[in-house]
Amino acid sequence: MTIAHEGRLLFGGDYNPEQWPEEVWADDARLMKEAGVTSVTVGVFAWARIEPRPGAREFGWLDRLLDLLHAHGIGVVLATPTASPPPWLGRLHPETLPRDEDGRTVWWGSRQQFAHSSAVYRRHAAAITEDLAVRYGRHPALRMWHINNEYCTFDYGDEAARAFRDWLRAKYDTLDALNAAWGTAFWSQHVETWEDVIPPRRAQYLRNPAQLLDFRRFTSDALMECYVAERDLVRRHSPAHIPVTTNFMPLWVGQDAWAWAAQEDVVSVDVYPDPRDPLGGQYNAMIADMTRSQARGPWMLMEQAAGPVNWRGVNHPKPAGLNRLWSLQAVARGADAVCYFQWRQSRQGAEKFHSGMLGHAGEEGRSFAEVKRIGAELAQLSSEVTGTQVPSQIAVLHDWHSWWAGTQDGRPSTRVVYEDVVRAWHRALWEAHLTADFAHPEHDLSAYEVVVVPQLYLLTDAAVENLVAYVRGGGTLVCGFFTGTADADDRVRPGGMDARLRELFGIRTVHEWWPLEDRETVDCGEFAGTLWSEELTAAPGVEVVAAYRGGDLDGLPAVLRRGRAWYLSTLPEPPALRSLLANVAAGADVRPPLSGLPAGVEAVRRGGLLFLLHHGRGDVTVTLPDGTAYRDVLSGAAHTGSVTLGRFGVAVLAREARGHGAA
Ligand code: GAL
């Protein structure tokens with residue numbers, strides 16, 4: 001389903017008019033028009049405003065608001081308000097409040113205090129969702145449904161325990177199967193009746209890893225059931241072309257976003273890099289690549305900040321130009337919607353120091369001027385990019401189940417943080433100017449020339465076979481350490497690594513894992529390894545690309561290669577990983593969009609355009625291919641030979657008419 005409306009990229013933000021007197025709304029609508037806002041997300045936290053008492057329905061204000069927005073040509077992404085039930089729900093029905101691992105109640109007073117498996121919560125959420133859908137499903141301002149907000153809650157309470165048992169019964173059928181999968185012979189954990197099965201609540205010492213893994217799976221599924229129930233209700237009362245989404249947190253551990261994305265019409269995500277992070281642009285790129293891959297095409301940047309957030313220790317504003325750069329970067333990497341939290345900065349409540357598109361400084365503010373510029377430029381770009389794809393010949397494999405299994409207590413090293421490892425590999429590709437998709441290890445990978453695996457501790461049999469078939473079919477695979485260690489139940493594979501993978505990479509024996517201390521490195525000859533090392537012996541005839549030097553692993557393989565299958569038993573320092581991946585990619589005939597790109601300049605192709613995004617502050621000159629004339633779609637400037645980008649500069653280049661094909 002399309003995200004863009006009438007060919008326009010969406011531009012807007014969360015709008016919480018319930019926090020403002022109605023006189024302000026007219027001003028909002030005027031300024032939204034001025035800023036080029038196409039749509040706003042309304043109602044995310046408005047449950048108490050709509051239903052101040054059980055069963056009440058106060059829709060008058062929402063009627064007036066939607067009509068006002070519509071009269072100004074501003075569309076509405078209408079949210080179901082079910083992320084934040086009103087206090088009365090918890091007071092009258094305490095079972096709707098989640099419990100933490102210690103059995104303590106999570107009270108109202110903030111947000112998201114709902115127990116996902118509570119029948120009463122689900123009934124109330126369904127009722128308000130259905131009434132909203134009946135009333136506004138055919139409103140002319142409606143562009144999209146937004147269900148709940150950043151589903152992320154855990155619940156260890158009694159109703160969740162019952163739902164967990166039902167989920168396990170459906171999965172295992174018998175207690176024998178559950179006991180086998182959970183390895184309950186260990187520490188006398190055998191469960192004799194279903195009542196013995198509980199969520200992984202506070203316990204004396206390390207808890208059962210397979211139970212923890214299944215509880216994560218269950219929680220993701222239980223939250224998804226809440227989403228699907230509301231999705232089906234809003235669909236029933238809306239025209240078929242109105243898409244439904246729910247906003248993900250970026251690379252968030254709690255949701256299997258591959259599974260969730262399959263249930264969405266539009267995949268959307270909230271992204272808040274730290275403006276001081278020198279690799280903030282890389283972080284954006286990684287989340288964009290992941291979300292685009294989940295969407296299998298255009299995606300929606302549902303939330304970003306125009307300036308500072310309010311939830312870091314120190315909350316930095318965005319220096320002039322950074323908001324624009326990161327917004328255009330999202331479009332370059334496939335977004336058809338660029339939106340913010342939130343339109344107008346709150347004066348009260350926990351987020352009064354979180355920026356808005358319209359900050360406390362108002363329409364005179366520097367940041368609002370930049371917002372207006374972004375709105376105008378997105379309108380300019382719309383006809384060239386909406387609905388178009390971002391081509392990539394590389395895939396990075398990522399899987400939540402492996403993340404869940406690989407990050408529990410009692411493993412070789414707590415220093416290995418999965419998301420950091422993924423980020424290190426993506427960074428290497430980004431710095432090598434190579435555009436990558438993400439993929440699930442069981443996806444069809446045949447469209448990619450190169451597949452990289454930062455770390456997949458847990459691999460199902462189907463995934464292992466998929467990787468083997470991919471290499472046999474001519475693909476190039478580069479695989480990071482501690483991969484293929486466990487099966488789907490988190491049972492260690494015989495030999496410490498799946499035998500089919502050992503065969504694929506030419507690993508004869510995995511003797512021991514040798515994790516490293518913080519800041520410790522291992523000498524691998526040409527480069528230093530970090531985080532981890534492995535005591536491996538290679539099968540005869542296998543190429544040892546790099547070997548450990550000195551120390552306990554002296555002479556053993558650090559990087560080995562059998563044909564097109566590479567295995568890295570450590571994490572090379574950033575420049576080394578970058579050049580290794582750049583060389584492997586070049587060997588597979590995969591190259592950056594332009595040669596000789598300077599550091600800090602991101603180059604991405606989307607549709608027929610070439611985006612050049614400069615993440616640095618000085619001037620930089622990018623050499624363009626000889627004899628090709630380009631036009632900057634935003635500035636109208638013509639470029640041949642080279643283009644110079646200033647601080648946070650962006651060029652969006654199209655080949656001049658006389659050229660052939662895409663930029
Ligand atoms: C998001 C959330 C928004 C707002 C924002 C602040 O996680 O969806 O409602 O709280 O963070 O950065």
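In helix α3, the residues Trp-61, Leu-62, Leu-65, Leu-66 and Leu-69 are buried (under 20% relative accessible area, with exposed meaning over 50% and partly exposed in between; 1.4 Å probe, protein chains only). They lie on the same side of α3, because they cover an arc of only 125 degrees around the axis, the arc being that of the directions from the helix axis to the C-beta atoms. An α-helix has 3.6 residues a turn, so residues three or four places apart point the same way. The structure is a predicted model, in which local features need pLDDT of at least 70 and side-chain atom pairs count only at pLDDT 80 or more, whereas totals for chains, interfaces and linings use all residues. Residues are numbered from 1 along each chain as its sequence is written, and side-chain values use heavy atoms, with hydrogens and water left out.

Helix α3 comprises twelve residues, 60-71, and spans 17 Å from its first C-alpha to its last, close to the expected 16 Å (1.5 Å times one less than the number of residues). Helices (H or I, at least four residues) and strands (E, at least two) are DSSP runs, numbered from the N terminus. The cover over the buried residues of α3 includes the strands β1 (10-15), β2 (39-42) and β3 (75-79), together with the helices α1 (22-35), α2 (47-50) and α5 (119-136). Gly-73, with a positive phi near 75 degrees, follows α3.

Leu-62 is among the residues with the most contacts inside the largest nonpolar core, as are Trp-343, Leu-381 and Phe-505; this core has 171 residues. Such a core is a set of buried Ala, Val, Leu, Ile, Met, Phe, Trp, Tyr and Cys residues joined through side-chain atoms within 4.5 Å. Residues up to four places away in sequence not being counted, Leu-62 touches Val-42, Ile-50, Leu-132 and Tyr-136 (contact means heavy atoms within 4.5 Å).

Thr-41, found in strand β2, counts as buried because its relative accessibility is 2%. Beyond four places in sequence, Thr-41 touches Gly-13, Asp-14, Tyr-15, Val-77, His-146 and Met-302. Ser-533 lies in strand β17, residues 532-538, and likewise counts as buried, at 2% relative accessibility. Among the contacts of Ser-533 beyond four places in sequence are Trp-513, Trp-514, Tyr-548 and Ser-569.
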